[in-house]
Amino acid sequence: MTAITSRDVPEQTLNALKVRAAQAGTSLQGYAQELLSREAAKPTLAEMAARLERGTRTELSTADVLDAIEGGRERR
């Protein structure tokens with residue numbers, strides 16, 4: 001496993017993380033690892049956009065859309 005070192009962390013930030021780690025019943029290292037793991041598991045906006053693009057492709061033409069709109073108007 002690779003080690004990560006974070007330098008120049010503001011004292012206020014470090015203290016807040018230590019408190020949160022203690023509240024979670026874990027060490028600062030364990031808490032930081034959990035934060036990093038959760039962040040790494042989240043898809044980026046670009047990944048989400050690509051996923052949506054793959055899932056929403058359609059073969060409708062402009063004529064198909066206009067026909068559907070007209071059909072909806074006729075049913076009113």
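I started with Leu66, which lies in helix H4. For helices I went by DSSP runs (H or I, at least four residues; strands are E, at least two), numbered from the N terminus. This is a predicted model, where local features need pLDDT of at least 70 and side-chain atom pairs count only at pLDDT 80 or more, while totals for chains, interfaces and linings use all residues. Residues are numbered from 1 along each chain as its sequence is written, and side-chain values use heavy atoms, with hydrogens and water left out.

Is Leu66 buried or exposed? I noted it as exposed, because its relative accessibility is 52%. My cut-offs were under 20% relative accessible area for buried, over 50% for exposed, and partly exposed in between (1.4 Å probe, protein chains only).

Next I looked up the nonpolar surface patch: Leu60, Val65, Leu66 and Ile69 make one of about 360 Å². A patch takes residues with over 30% relative accessible area and no salt bridge, joining nonpolar side chains (Val, Leu, Ile, Met, Phe, Trp, Tyr) within 5 Å and like charges within 9 Å. The accessible areas come from the Shrake-Rupley method with a 1.4 Å probe, and for residues only the protein chains shown count as cover.

Val65 also sits in helix H4, which covers residues 62–74. Val65 goes down as partly exposed, because its relative accessibility is 40%.

**Salt bridges**

How many salt bridges does a search of the whole structure find? I got two. The test is a side-chain nitrogen of Lys or Arg within 4 Å of a carboxyl oxygen of Asp or Glu.

One of them joins the side chains of Arg38 and Glu34, at 3.4 Å from N to O. Arg38 and Glu34 are four residues apart in helix H2, so about one helical turn separates them. I have Arg38 as partly exposed at 44% relative accessibility, and Glu34 as partly exposed at 41%.

Lys42 forms a salt bridge with Glu39, and their closest N and O atoms are 3.3 Å apart. Lys42 counts as exposed at 51% relative accessibility, whereas Glu39 counts as partly exposed at 49%.

**The largest pocket**

I then checked the largest pocket and wrote down about 510 Å³ of space. It has 13 lining residues, and those closest to its centre are Ile4, Ser6, Ala32, Gln33 and Leu36. A pocket here is an open set of points on a 1 Å grid over the protein atoms alone, where a 1.4 Å probe fits, with protein on both sides within 12 Å along at least five of seven lines; lining residues have an atom within 4 Å of a point. Grid points are joined across faces, edges and corners, and the volume is the space filled by probe spheres set on the points.

Which helices each supply at least two residues of the lining? They are H1 (11–23) and H2 (28–41). H2 gives the largest share, five residues.

I sorted the lining into nine nonpolar residues, four polar and no charged. Ala, Val, Leu, Ile, Met, Phe, Trp, Tyr, Cys and Pro count as nonpolar, Asp, Glu, Lys and Arg as charged, and the others, Gly among them, as polar.

**Asp8**

Asp8 lies in the segment before H1. Its phi is near 60 degrees, a positive value in a residue other than glycine. Most residues other than glycine have a negative phi. Asp8 is exposed, because its relative accessibility is 79%.

**Some C-alpha distances**

Leu66 and Lys42 are 24 residues apart in sequence and 38 Å apart in space, C-alpha to C-alpha.

Leu17 lies in helix H1 and is partly exposed at 26% relative accessibility. How far apart are the C-alpha atoms of Leu17 and Glu70? I read 59 Å for this pair, 53 residues apart along the chain.

Leu52 is in helix H3, residues 45–55, and counts as exposed at 53% relative accessibility. The C-alpha atoms of Leu52 and Gln33 are 29 Å apart, with the two residues 19 apart along the chain.
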